[in-house]
Amino acid sequence: MMSKAGFYPDTWLLVDCLREPDRALRLNDADWVALITMARAETLMGTLAYRLKDKKVPKPVEHIISDALIDSEYQYRSALWEVDCARRALQSYDGPVVLMKGSAYAAAGIEASHGRSIGDLDIMVSEGGLKEVESLLIKAGWEWVKEDDYDDAYYRDYMHELPPLIHKERDRMIDVHHTILPKTAKPNPNALAMIADAIPIEDGHYIFMPEDMVCHCAAHLMADGDLAGGLRNLWDMHCLLSDFSGAAGDFWMRLKQRAQQHELWDAVHLSARQANALYGTPIPTDWMQWSMRDTLFQKRLLARNSWGQQRHKLLRFAFYIRSHWLRMPPLMLTKHLLTKWRKGHKAHEL
Amino acid sequence: MHETNIQVGPASFRIGSVWKEVIDQIEMLYASYPKPKLTDYTVTLDAVRPWRRFIRPSAAINGDFMLPDAAPLPLDHGLLGVEMGVNLQMALGWRRQLILHASSVEKDGKSLIMSGESGSGKSTLSAILGHRGWRFMGDEFALINHDNGFAMPYPRMISLKNEAIKTMKKEAPHAQFGPLMKDTPKGDIQHIVPPADAIRKMEQGAKPALLLFPNFGYDAEIREIFPSEVFMRLTQASTNFVGLGETGFNTLKRLVLDVPAFEIAYQNGDEAENMINQLWEQL
């Protein structure tokens, strides 16, 4: 039989149910299946499961939710275990080791970590400390993934992180950053300030202070990449903004100042507007200036159909080009793409 | 997108394909299975490039749970693609029971579980026994309940490889076979529909009574295996043991401590059947 689309226009279904989980309780079977498929495709199933967990859902969905919660629990546990492994490996390192993204949210126990899928361990240290951290990690069993000389040199010369390392026994990856955007990107965030103002947490690691956590999340979402998996990162943004803005009255002002200091105001502002439009994140009224560009970003974020497949091929390609454009100046981009092309690499995310 | 839904044991799948023939094949083979509306997983077959839907059709397999870099298959092997996609959903997504990469059959309310690498003969043995007085429960995954330790059936289409195709055509000439797929990455493959009672009773579990590790192609031999080794082997044979954490550990521990385990080597189905009957009577 030919497929009958649900009554819902695709990815909006996922966004709406994340924002207001009670909406899911009125779905028909086809919409439930579409919702679950899209949530998995956007690695938001754990988050959705967490949002729906005590609600009266159909029996088959109950099982799916419980599977997803078991998986998130496992990811949470293993993420914290990796954090601890890194702590032990880096015990003799003097400088602060700042946890980033999923691992930071998990270690700090904030809302964004609930049900979130956590893959690699991301940490940041000062650029001066890279060599020592690298050799300590290698001594503790992490190994290089990329054997390729060009890629290795590329990472070391231009990127904001070391080439990824994988632990030889646990098969888990660690990304060691010294700043939050490629060195060749236009914005030049103040990495030293980020490390200096980081907050120590119980186990000896650090996390970014709230404004920097938002700045990093926005940089990751808008200024470094083609927005693939963007809905998950935007959910992080939604949780962070909702968490932090509730605590202190002048949060928005401090966030704007900090974002400007890091040359990330555009990314932060844009992310906040998108989070507000899709997830209903409360943001100040004078931050809401929707433009044509916002509409394109929103369309890119909502490019998933009810089968979990990507739509809007041209638009996605445009964002793919943009991601490279942001990452490096034109001449360098040409050289880079030529080298990659010669080696037969394909842009297989397209 | 053409689509169909199937239920196999406790799990259900929505299968979509841009090619109608693949869906028709599935609907024919799974004609007697339930078709639930609200499914656990989605698997799709799509053209790798838009024009490859029509010119040298090449099918990319996708699903809710995927491994990176899955190789596309020619459309003639579409059914194998769906099988691989469906297996991946179970292997990576399922948490409701402990999954063992094993075949299983049932007699007198008790189950026999056979675990082994691809080529060990576990799948063919379960298919043969399913036509010789046992109830076929599954040729690929045995699902072990966390609460009572029962093995639950997962009686999907039996996937026969190479010589096993001939063996089963002799064993069950009247069974329903799928199309023969030649020269797939796994050799020649043909599916066979499980016996009717296997499908009818696919919600009926059975307490495990015997664990076997078959080894096809060696001189006949039976060797007992101790729980410590069985445990290690089954952690390797389970796709979700690690992801289940403590629950998985407890489920596997109970199975290993409660159920006697043997390795059997054999040259043909009759030989294996004799050894299995001998061990079964000694229980």
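Modeller: Start with a rule: the expected span of a helix is 1.5 Å times one less than its number of residues. Keep in mind that this is a predicted model.

Colleague: How do you know that the span of helix H9 of chain A agrees with that rule?

Modeller: H9(A) covers residues 210-222, which is 13 residues. At 1.5 Å a residue they should span 18 Å. The end C-alpha atoms are 18 Å apart, so the two agree.

Colleague: What makes H9(A) mostly covered?

Modeller: Buried means under 20% relative accessible area. In H9(A), 11 of the 13 residues are buried. Among them are Met213(A), Val214(A), Cys215(A) and Leu221(A).

Colleague: Why is Leu14(A) counted as buried?

Modeller: The cut-off is under 20%. Leu14(A) has 0% relative accessibility, so it counts as buried. This residue lies in helix H1 of chain A, residues 12-19. Beyond its neighbours within four places in sequence, Leu14(A) is in contact with residues including Leu35(A), Met38(A) and Leu231(A).

Colleague: Now chain B. What makes S11 and S12 edge strands?

Modeller: The open sheet has 3 strands in the order S11-S13-S12, with antiparallel pairing. S11 (158-161) and S12 (181-184) each have a single partner strand, so one side of each is left without a neighbour in the sheet. The twist averages 35° from one strand to the next.

Colleague: How do you know that S12(B) is joined to S13(B)?

Modeller: Pairing takes at least two bridges. S12(B) and S13(B) are joined by 2 bridges, and they run antiparallel. Thr184(B) stands opposite Gly187(B) in S13(B).

Definitions and conventions: Residues are numbered from 1 along each chain as its sequence is written. Chains are lettered from A and ligands numbered from 1 in the order in which they are written. This is a predicted model: local features need pLDDT of at least 70, side-chain atom pairs count only at pLDDT 80 or more; totals for chains, interfaces and linings use all residues. Side-chain values use heavy atoms; hydrogens and water are left out. Helices (H or I, at least four residues) and strands (E, at least two) are DSSP runs, numbered from the N terminus. Buried means under 20% relative accessible area, exposed over 50%, partly exposed in between (1.4 Å probe, protein chains only). Axes are lines fitted to C-alpha atoms, for helices over the stretch in contact, and angles run from 0 to 180 degrees between N-to-C directions. Contact means heavy atoms within 4.5 Å.
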